Amino acid sequence: MPAFTMGLAEAKNNFSRVTAEVNRTGKPLTILKNNRPWVIIQPAHAATEVADVAVDFMDEYADVFQELAK
């Protein structure tokens, strides 16, 4: 899957269009500053899905984490 990138100035000047496109496609967009990755814009549902996976992982292995914390 190709990475989608955009310069900071272009993203700033077209923020509404950029965010609408990210939501429409569901694909994250990496914003570059000085030609280096700076931030990633992604649909909110994607962040929620990642958090849900992390919570499920923590719940599933809670006993392991408690043992390691000793």
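How many of the 70 residues of the chain count as buried? The share is 14%, where buried means under 20% relative accessible area, exposed means over 50% and partly exposed is in between, with a 1.4 Å probe and protein chains only.

Before you click around, a word on what is loaded. This is a predicted model, in which local features need pLDDT of at least 70 and side-chain atom pairs count only at pLDDT 80 or more, while totals for chains, interfaces and linings use all residues. Residues are numbered from 1 along each chain as its sequence is written, and side-chain values use heavy atoms, with hydrogens and water left out.

**Stop 1: the whole chain**

Switch to cartoon and walk along from the N terminus: the order is β-α-α-β-β-α-α. That makes four helices and three strands; these are DSSP runs numbered from the N terminus, with helices (H or I) of at least four residues and strands (E) of at least two. The chain is more spread out than a compact globule, so its radius of gyration is 17 Å, well over the 11 Å that the globule rule gives for 70 residues. That radius is taken over C-alpha atoms, and the rule is 2.2 Å times the number of residues to the power 0.38.

**Stop 2: the core**

Now select Met6, Ala11, Val18, Val22, Leu29, Ile31 and Ile41 and show their side chains. These seven residues form the largest nonpolar core, meaning a set of buried Ala, Val, Leu, Ile, Met, Phe, Trp, Tyr and Cys residues joined through side-chain atoms within 4.5 Å. Helix H2 (15-25) and strand E2 (29-33) are the elements that give two or more residues to this core. As background, nonpolar side chains tend to be buried together in soluble globular proteins.

Centre on Met6 next. Leaving out neighbours within four places in sequence, Met6 is in contact (heavy atoms within 4.5 Å) with Ala11, Arg17, Val18, Leu29, Thr30, Ile31 and Leu32.

**Stop 3: Thr30**

Pick Thr30 from that list; you'll find it in strand E2. Is Thr30 buried or exposed? Thr30 is buried, at a relative accessible area of 17%. Beyond residues up to four places away in sequence, Thr30 touches Phe4, Thr5, Met6, Pro37, Val39 and Ile40.

**Stop 4**

Slide along to the loop between E2 and strand E3 (36-41), where Asn34 sits. Asn35 is found in that loop between E2 and E3 too. Check the backbone angles here: phi of Asn34 is near 55 degrees, a positive value in a residue other than glycine. Asn35 isn't a glycine either, yet its phi is positive at about 65 degrees. As for cover, Asn34 is exposed with a relative accessible area of 68%, and Asn35 counts as exposed at 72%.

**Stop 5: out along H3**

Finish on helix H3 (residues 44-60), and select Val53 there. Val53 is exposed, with a relative accessible area of 57%. Draw a C-alpha to C-alpha distance from Val53 to Arg17: these two are 36 residues apart in sequence and 30 Å apart in space.

Then jump to Glu60, also in helix H3. Glu60 is exposed, with a relative accessible area of 57%. From Glu60 to Pro43, the C-alpha to C-alpha distance is 27 Å, across 17 residues of sequence.
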